[in-house]
Amino acid sequence: AGVPMVGNILALTSIIINDGTTVQGRCLARNAEVTLDRSTVSIPPELTPSPSNTPSINPSAAPSRVPSANPSASPSLMPSEAPSVADTASPSKNPTVNPSAHPSVTPSANPSLVPSLAPTTADSASPSKNPTV
């Protein structure tokens, strides 16, 4: 006697369904035949899934692409697997060593007390009021 089967059977080659087997679903073979040997294949009744009133304890394997209509009021206790890559509002404790490609035009309110190792050689746009001696 056969065994009842619910679902779809997909095969690259042939499918053979033995004596007395009942299949609720489809039997699809791509490159060969589907052999029914005194077996029954029927279309399963159409089911309409109904949402649950209680959430699942186990998280889904794939996140939803549609935002929730009722988001959670409390944050998750689990850390995110993909942290945010947005810039932070606070500056870095370790400044960069590379100079800026576009330096500021505004002079510093607190100029350096140490002279520059490489003074500028370009002509000044306005002459100094106190020339060097």
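Mentor: Strands here are DSSP runs of E, at least two residues long, numbered from the N terminus. Keep in mind that this is a predicted model.

Trainee: Okay. Where does Val41 lie, then?

Mentor: Val41 sits in strand 5, which covers residues 40–42.

Trainee: How many helices and strands are there in the protein?

Mentor: The count is 0 helices and 5 strands. Read from the N terminus, the order is β-β-β-β-β.

Trainee: Back to Val41. Buried, exposed or partly exposed?

Mentor: Partly exposed, because its relative accessibility is 37%. The buried class is under 20% and the exposed class is over 50%.

Trainee: Which residues make the nonpolar surface patch?

Mentor: Val41 does, together with Val34 and Leu36. The patch comes to about 210 Å².

Trainee: Next, Ser39. Where is that one?

Mentor: In the loop between strand 4, residues 34–36, and strand 5.

Trainee: And is Ser39 buried or exposed?

Mentor: Ser39 counts as buried because its relative accessibility is 16%.

Trainee: What does the side chain of Ser39 reach?

Mentor: The backbone oxygen of Ile17, at 3.3 Å. There is also the backbone oxygen of Asn18, which lies 2.5 Å from a polar atom of the Ser39 side chain.

Trainee: Which residues is Ser39 in contact with, leaving aside neighbours within four places in sequence?

Mentor: Ile17, Asn18, Asp19, Gly20 and Thr21. So two of those names, Ile17 and Asn18, come back from the polar pairs, given the 3.5 Å limit for a polar contact.

Trainee: New topic: Ser14. Where is Ser14 found?

Mentor: In the loop between strand 1, residues 5–11, and strand 2, residues 15–17.

Trainee: Buried, exposed or partly exposed?

Mentor: Ser14 is partly exposed, because its relative accessibility is 33%.

Trainee: What is Ser14 in contact with, beyond four places in sequence?

Mentor: Ala29, Ala32 and Glu33. As for Leu28, its C-alpha atom is 8.6 Å from that of Ser14. Those two residues are 14 apart along the chain.

Trainee: Zooming out, what share of the protein is made up of buried residues?

Mentor: 5% of the 133 residues. Ser39 is one that counts as buried.

Trainee: What about contacts between residues 24 or more positions apart?

Mentor: They account for 1% of the contacts with a separation of 6 or more.

Trainee: Last one. What does the accessible surface come to?

Mentor: About 13400 Å² for the protein. Carbon and sulfur atoms hold 59% of that surface.

Terms used:
Residues are numbered from 1 along each chain as its sequence is written. This is a predicted model: local features need pLDDT of at least 70, side-chain atom pairs count only at pLDDT 80 or more; totals for chains, interfaces and linings use all residues. Side-chain values use heavy atoms; hydrogens and water are left out. Patches are made of residues with over 30% relative accessible area and no salt bridge: like charges are joined within 9 Å, nonpolar side chains (Val, Leu, Ile, Met, Phe, Trp, Tyr) within 5 Å. Accessible areas come from the Shrake-Rupley method with a 1.4 Å probe; for residues, only the protein chains shown count as cover. A salt bridge is a side-chain nitrogen of Lys or Arg within 4 Å of a carboxyl oxygen of Asp or Glu. Helices (H or I, at least four residues) and strands (E, at least two) are DSSP runs, numbered from the N terminus. Buried means under 20% relative accessible area, exposed over 50%, partly exposed in between (1.4 Å probe, protein chains only). A polar contact is a pair of N or O atoms within 3.5 Å; within protein, one must be able to donate a hydrogen and the other to accept it, and residues adjacent in sequence count only if both atoms are side-chain atoms. Contact means heavy atoms within 4.5 Å.
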